[in-house]
Amino acid sequence: MDFLTVGRIIKTVGLKGELKIFPTTSFSFMRFKKGANLYIEANGEYRKVTIEAKRTKDKFIILKFNELNDINEAEKYLGNFLLAEKDYSLLKKDEYFYEDLLNCTVYFDNGALIGLVYKIEEYGPYVTLRIKTNKKDVLIPFVEQYLSNVDIASKKIVINYIEGLV
């Protein structure tokens, strides 16, 4: 089973096992709805949990899970990641999960190696790939005009050559 990180558990809330989550997903409206199944990763194991209730506070989400009913049980998971199963049906054509883009090798369409994607950043209306090269980090917008080919299976991205881009 493939998982995506959708949040990090940062603290408990109240005495009934609620957890404060820092969300790391673009699909918050789907990932954190009542009845959704998620997984808490702890020590290499995955505990399946079901959302009983949800509320938001500032940029955080407060979740109550059916399986956690007191603060002592909830405290065991502080600092751990909250995961969801990868569901490719959520993606439209030419959309990708950020985690799938990480560690892809990036080339120009002339075959020249650019480097390795190690971070995804969001700047305004588009996503930007932060690529580690031999000399420095390079930022390349992940937009159709620059892309020649994206092959997630082989972890390869080909960018149209543009003079002065790198």
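1. Which strand does I21 lie in? I21 lies in strand β2, a strand here being a DSSP run of E of at least two residues, while helices are runs of H or I of at least four residues, and both are numbered from the N terminus.

2. A quick word on ground rules. This is a predicted model, in which local features need pLDDT of at least 70 and side-chain atom pairs count only at pLDDT 80 or more, whereas totals for chains, interfaces and linings use all residues. Residues are numbered from 1 along each chain as its sequence is written, and side-chain values use heavy atoms, with hydrogens and water left out.

3. Back to I21. I21 is buried, with a relative accessible area of 0% (buried means under 20%, exposed over 50%, partly exposed in between, with a 1.4 Å probe and protein chains only). Leaving aside residues up to four places away in sequence, I21 touches G7, R8, I9, F32, F60, I61, L63 and L82, where contact means heavy atoms within 4.5 Å. L82 sits 61 residues from I21 along the chain, and their C-alpha atoms are separated by 8.3 Å.

4. E18 is also worth a look, and is found in strand β2. Its side chain makes a polar contact with the side chain of R55 at 2.7 Å (a pair of N or O atoms within 3.5 Å; within protein, one must be able to donate a hydrogen and the other to accept it, and residues adjacent in sequence count only if both atoms are side-chain atoms). Beyond four places in sequence, the residues that E18 touches include K11, T12, I62 and K64.

5. Now the pockets. The largest pocket has a volume of about 910 Å³. On a 1 Å grid over the protein atoms alone, a pocket is an open set of points where a 1.4 Å probe fits, with protein on both sides within 12 Å along at least five of seven lines; lining residues have an atom within 4 Å of a point. Points are joined across faces, edges and corners, and the volume is the space filled by probe spheres set on them.

6. Of the 31 residues lining the largest pocket, E95, Y96, Y98, V127 and F142 are the closest to its centre. β11 gives the most to this lining, with 4 residues.

7. The second largest pocket holds about 190 Å³ of space. Among its lining residues are M30, R31, Y39, E85 and L90, and β3 gives the most, with 3 residues.
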